[in-house]
Structures are given as structure tokens and as C-alpha cells.
Amino acid sequence: MQASSPPPYRINIKRGRKLPETSGAADFLRSNEQISPLLPTIRRNAKLQKDCGNLLPAMFDACDVLQLEEGQLTLSAPNAALATKLKQQCPKLQDGLLQRGWQINAIRIKVQVRRKVEPKPYVKQCSLSERAVKAFDKLESALENTPQNADLRAALHKLVKRHQSGK
């Protein structure tokens, strides 16, 4: 009897489908000797983050797990108000985590204000040809001067002025 070689890919036994390959980034992290010892801690914190989010879904979106060491869980909150609300929910969170198998004796909350980076306002950069500007000007003067047309006429006037002064 000849020994069969394993397939070059893993198969999901339940569904018979090929499992997705790990990314090159994950392979790099596993092979890097400075980072690879951190991977179990990162996985543990990610799982703990997910469990906390499931226990307190509305509140935990803005919070993060910072550390779990010697039974003490350290969480971060973006502001003092949320930290206070989270502190009130600590007994519920601790009980829920204990039921899920986490050995947590105490929960500590740190306020870590994150610097918000304001997105730059979108500046529309549209240039109209001279012919288009003249057409809008002609349309504005052709519209009847009625209350229904007042806003449209004002907008057309503003558009024409803005594009005439830009040239």
C-alpha cells in the first residue's frame, strides 16, 4: 500500500470546500522573531475585545481592551463620561466574562482621549466654460421674476458671478 501525500491545501471537513489561505502578512508576522511572541497576546486581546463588545454592545464600540495581566483587565475609554458609564457596568461585564471562561478579578478603566483628525472639507473643483456661464446667465434673465423662481434665479446669479470672477 502506497502512502498518500497530503493535499497542498486544507479542506473544511464539514463543507468540503477549500479553506482560505493565510495572508502573506500573517506568515510574515509568524516568521518575525520580534513580533511572533506577541501574536498569542494579540489574539487573546482581540477575543476579549469581541466578548466585551458582545456583553456591552452599545457602550463598548468606542472602548478598547488595553491589557489583561494577573486577573486585572485594563480598558480604555475615550472620555470621562463614557468611563463613568462603563464603570457602572463593570459588575455585569465581569460576570459575563467569568461565564465565558475569562479569569478576571478586577476591571480598571483608563481615560485615553484620542486626537480626532478632522477630515478636510471637500472642495468641489468644477470649472465652467465661458459658453456655459453665458447660458446660465441667459437662463437667469429669461426666467420670470416670480416668487416661485426667486430661489432659482438667486442661485443662477450666484453661480454666474462666482464663475465670472474666477476668470
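This is a predicted model: local features need pLDDT of at least 70, side-chain atom pairs count only at pLDDT 80 or more; totals for chains, interfaces and linings use all residues.

Tutor: Residues are numbered from 1 along each chain as its sequence is written, and side-chain values use heavy atoms, leaving out hydrogens and water.

Student: Cysteine 63 and cysteine 90: buried or exposed?

Tutor: Cysteine 63 is buried, at 0% relative accessibility. Cysteine 90 is buried too, with a relative accessible area of 10%. Buried means under 20% relative accessible area, exposed over 50%, and partly exposed in between, with a 1.4 Å probe and protein chains only.

Student: New topic. What pattern does the chain follow?

Tutor: Along the sequence it reads α-α-β-β-α-α-β-α-α. That comes from six helices and three strands. Helices (H or I, at least four residues) and strands (E, at least two) are DSSP runs, numbered from the N terminus.

Student: Which residues of helix 2 are buried?

Tutor: Leu39, Asn45, Leu48, Asp51, Cys52 and Leu55. Helix 2 covers residues 39–55.

Student: Which residues have the most contacts inside the largest nonpolar core?

Tutor: Leu48, Leu73 and Leu97, in a core of 22 residues. Such a core is a set of buried Ala, Val, Leu, Ile, Met, Phe, Trp, Tyr and Cys residues joined through side-chain atoms within 4.5 Å. Among the elements giving two or more residues to this core are helix 2, strand 1 (64–69) and strand 2 (72–77).

Student: What is leucine 73 in contact with?

Tutor: Contact means heavy atoms within 4.5 Å. Leaving aside neighbours within four places in sequence, the partners of leucine 73 include Leu48, Cys52, Leu97 and Ile107.

Student: Where is histidine 163 found?

Tutor: In helix 6, residues 150–165. Histidine 163 is buried, with a relative accessible area of 14%. Not counting residues up to four places away in sequence, histidine 163 touches Cys126, Ser127, Leu128 and Val133.

Student: And what share of the whole chain counts as buried?

Tutor: 24% of the 167 residues.

Methods: The expected span of a helix is 1.5 Å times one less than its number of residues.
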